[in-house]
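Q: I'd like to learn how to read a few features off a model like this one. Can we go through them one at a time?

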Amino acid sequence: MIVRFFTGLDHKVGWFLNTVALISSLALVGLMLFLVVARYIFGWSIIGLLELIMLFGMWLYMTGGLIASRKREHLVVDFLQTSIRDRQIRRLHQGFISLITLVITGFFVYMSYRMLAWGVRRPQHTPGLSIPLWIPQSAIMFASIGCSLYALRDFIQCLIGYNPEPVIIAEANQQDIR
């Protein structure tokens, strides 16, 4: 029952993240296209458009990182992991990597919290539209908390023995079958 709850929650979170990424992508592309057309075809200079592009860009990049973390598709150096054939040693290695990732993402949560708290205490705004800088900074906080939770998920899965096969090993096994 608890597994079903977390699976359903993961699907809802995945849908939410994909929706945020899609909206941010469409807004980013649309605003960039509008900026280019306005500037180079009509000769207009629209104040604040780059600030909006930066805002949607921050949310897109941070959400994309969170989606990659959710799917375990973030950047990894997996040379050692793919060369380990013993399942128990591979599990210990993955647990160690998950623990390091959890500590590092915890540090990112702390640093992004400090950045966001500083931005709220000493508010700064963009020059054109006066967008508070804590809005794009909150994307960093959102991503750091999310990545930390996914690192915690990976660590707990290593502790309880549930360890999905790495993508590279799964691909190599499929090539062996052919």
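This is a predicted model: local features need pLDDT of at least 70, side-chain atom pairs count only at pLDDT 80 or more; totals for chains, interfaces and linings use all residues.

Q: Are Cys 147 and Cys 158 buried or exposed?
A: Buried means under 20% relative accessible area. Cys 147 has 19%, so Cys 147 is buried. Cys 158 has 7%, so Cys 158 is buried as well.

Q: Next, charged side chains. What should I look for?
A: Side chains of opposite charge can pair when their charged atoms come close. In this structure there are three salt bridges. One of them joins Arg 70 and Asp 10, at 3.0 Å from N to O. That pair links distant parts of the chain: Arg 70 sits in helix H2 (residues 49-70) and Asp 10 in helix H1 (residues 2-40), 60 residues apart.

Q: How accessible are Arg 70 and Asp 10?
A: Arg 70 counts as buried at 15% relative accessibility, while Asp 10 counts as partly exposed at 28%.

Q: Which residues are linked in a network of salt bridges?
A: Arg 72, Arg 153 and Asp 154. Asp 154 pairs with Arg 72, where the closest N and O atoms are 3.1 Å apart. This pair also links distant parts of the chain, with Asp 154 in helix H5 (residues 134-160) and Arg 72 in the loop between H2 and helix H3 (79-83), 82 residues apart. Asp 154 also forms a salt bridge with Arg 153, at 2.9 Å between the closest N and O atoms.

Q: And which members of that network are buried?
A: Asp 154 is buried, and so is Arg 153. For Asp 154 the relative accessibility is 13%. Arg 72 is partly exposed, at 31%.

Q: Last one: which residues make the nonpolar surface patch?
A: To join a patch, a residue needs over 30% relative accessible area. Here Phe 96, Ile 97, Ile 100, Ile 104, Phe 107, Phe 108, Tyr 110 and Met 111 make a nonpolar surface patch of about 760 Å². Take Ile 97, found in helix H4 (residues 87-121): its relative accessible area is 33%, so Ile 97 is over that cut-off.

Note on methods:
Residues are numbered from 1 along each chain as its sequence is written. Side-chain values use heavy atoms; hydrogens and water are left out. Patches are made of residues with over 30% relative accessible area and no salt bridge: like charges are joined within 9 Å, nonpolar side chains (Val, Leu, Ile, Met, Phe, Trp, Tyr) within 5 Å. Accessible areas come from the Shrake-Rupley method with a 1.4 Å probe; for residues, only the protein chains shown count as cover. A salt bridge is a side-chain nitrogen of Lys or Arg within 4 Å of a carboxyl oxygen of Asp or Glu. Helices (H or I, at least four residues) and strands (E, at least two) are DSSP runs, numbered from the N terminus. Buried means under 20% relative accessible area, exposed over 50%, partly exposed in between (1.4 Å probe, protein chains only).
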